[in-house]
Each structure stands twice: as structure tokens, then as C-alpha cells.
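Dear colleague,

Please find below the structure for your review. A summary of the findings follows it.

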Amino acid sequence: MKLLVYSAKDFEIPFLNDANNKIHKVSYTKDALNSETAIQAVGHMAVSIFSGDDASSLVLEKLSDLGVRYISLRSAGYNNVHLKTAQKFGLKVAHVPEYSPYSIAEHAVALLQALNRKIILADRQVHSYNFLQNNLMGFDLNGKTVGIVGTGKIGSVMAKIMNGFGCKILANDLKPDYRLVQLYDLTYTSLDEICKQSDIISLHIPLTQENYYLIDKQKLALMKPEVLLINTARGALVETKELINALEKNAIGGYCTDVYEKEIGSFFKDNSTQGIKDRLLIKLLSFPNVLLTPHQGFITKEALTNIAEVTFENLNSWEEGKPSKNELGLETINS
């Protein structure tokens, strides 16, 4: 099968080559999939895309017209794919439902501690030979209340880590995992109670129509003025405009994130020469109590290995005329 990999990153290509094991004829492009770059898929039966690619109705129709029949996502999230259109044109779509939950949960903790203990500021100061300890105050995690929104694979690892720090853990999930109650003395409660009681809140849920802007003006208003909010899930879970208003009013203690609601146009490329045009993102980055990384939580050797292997497992199943166990069909759309 001929495969075109969109948004190919130099660091992931060796993992993809190893996982392919010379079975499929693979081409790579650094370009993201969109209505203009879809033409590159001419002659390819399959494409592989990342979470920042545009797989909207128009793009999927173009891919179908070009002869593409399979789309293998290199991500767990699939909110960028219009699944009903894919179904309409007979495009089979599969994702990587899980790779390394540790990579994301550990990155969330790294962000938390970097912001809490002022690691970025301290590093900047000592590199300027300034060894003063002013403005470097943080707080102990031990004894703090941590709210975990979403207790799936990643959220459960986050609960394990925060339990190890000696935190009291509150959680919210549509499908509670009561094993975690016994393992980590976790308490399930409402999202409002998490917002009211938590010193730290960490988001670990997929983006759906129902939870778009889950953290909005009302939820932010419930939070403690010193709360640290962590988002390593999807940017649009947090309403950026209202988050900025809260930061301006010192209504929350800080925000650390690996994602942003409008990544297309700014993320996944070097803008250091020309700058960026997204005014909300520019404003967000102006706050000293905001720490943002460029959607790098998945970039560990283990996660990239798993992503590559599952990507080609999906393709191998299709090549053999079998459905992939990771396919996203009508039941996904309607769930």
C-alpha cells in the first residue's frame, strides 16, 4: 500500500520506518493536510495525519476524489476529522487510542512543578549570573488537593503520581473507575466541587462537542485565586478569552499547558522570524504565570514507538482486508 504521511516530523520518521519494516511504500511530507495540500495524496491509497491536520468535510471529499481510502491518525484525539463525511465517502479512519499514558501525565507534572517552583525564571536568572532567590517562592505539593478531570489511562497515571506526592485527590469522569478509589484514596465528585476545592486542576479528557469550553467563565469563577490549572489534553477544553480575563484579574494562580485551542497556524512550525498573528496567543504568552509548551507531551521514545507501531497495525489490517480494531465508525460518531 502506498502511504503519504502528512505533518511528518524529523524526530518521528525513524520510528515510523522501523514500524513499517519495509512493508508499505511510504512517502513523507512536512506539510500539514489541508484543502491545498490534499493534492499531494495523488496516487496514494492511504494517508497518515496528526492532530493538527485539517480533515474537514471539504478535505476528506478531495482525498476521496484522489483515490485515498484509508486514514491512519498518529494521535488518540480525532476531533479534527469529520467522521460523518468519512463514512459518507467510504473512508476508513483509525486512530491510536493509547500509546504511553506516562508520557502525557509525566509532562503534566513537569509543567506543574516548573511553574510552581519557578524553574524557568530561576534558570534564566542564573544564566545571567543572578543567583538571588527573590520571586522564586513555590509551595509543597504534599497535602494539597488535586482535581483530576478524566480518569482514563492518562488521568489514572496522573492520580498515581499525585498520590505519591501525598496529595488529596478529587476526580470527575462520566465513567468512574472505582479501582482508583481503593488504589489512591481518590474521591469522585462534580466538576463544580473540583473547581471550588482544588489547589491544582489537571485536564485529561478528549475534546467533544459536549465539553467544548468546559472551563469557561463560570467554572473559572468557582476556582481558588491561587489554583494552578494544567491542560495536556486539548486546547479548546479551556475558553482562552475567559482564561485571559481571569489571569488579568489574578483570579487564578497560573496556567500551564501543552495545548492551545487554535494551534493551526502557529503550532508545529518555527515562527521566530515572522512572529505570530494570533492576538489571544500573544496575550496568553505575556503572563509570567503562564507556561506553554508546543504540544510535546507525546514526544518520548516509548510513546513514539507505540504510535508508529499502532499506525502500521491499522494499515496492515486494511491491507489484509480486515477491519482495524482501532477504527472510528458510526458508533464513535454517535457515542
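**Domain interface**

Across the interface of domain 1 and domain 2, one salt bridge is found, a salt bridge being a side-chain nitrogen of Lys or Arg within 4 Å of a carboxyl oxygen of Asp or Glu. E98 and K153 form a salt bridge, with their closest N and O atoms 4.0 Å apart. By class, the side of domain 1 that touches domain 2 comprises three nonpolar, five polar and two charged residues; Ala, Val, Leu, Ile, Met, Phe, Trp, Tyr, Cys and Pro count as nonpolar, Asp, Glu, Lys and Arg as charged, and the others, Gly among them, as polar.

This is a predicted model, in which local features need pLDDT of at least 70 and side-chain atom pairs count only at pLDDT 80 or more, while totals for chains, interfaces and linings use all residues. Residues are numbered from 1 along each chain as its sequence is written, and side-chain values use heavy atoms, leaving out hydrogens and water.

The chain is divided into domain 1 (2-99 + 300-332) and domain 2 (101-292), with bounds from an automatic or database domain assignment. Their centres, taken over C-alpha atoms, are 30 Å apart. Ten residues of domain 1 are in contact (heavy atoms within 4.5 Å) with eight residues of domain 2.

**Cysteines**

The whole structure contains zero disulfides (pairs of cysteine sulfur atoms within 2.5 Å).

Yours sincerely
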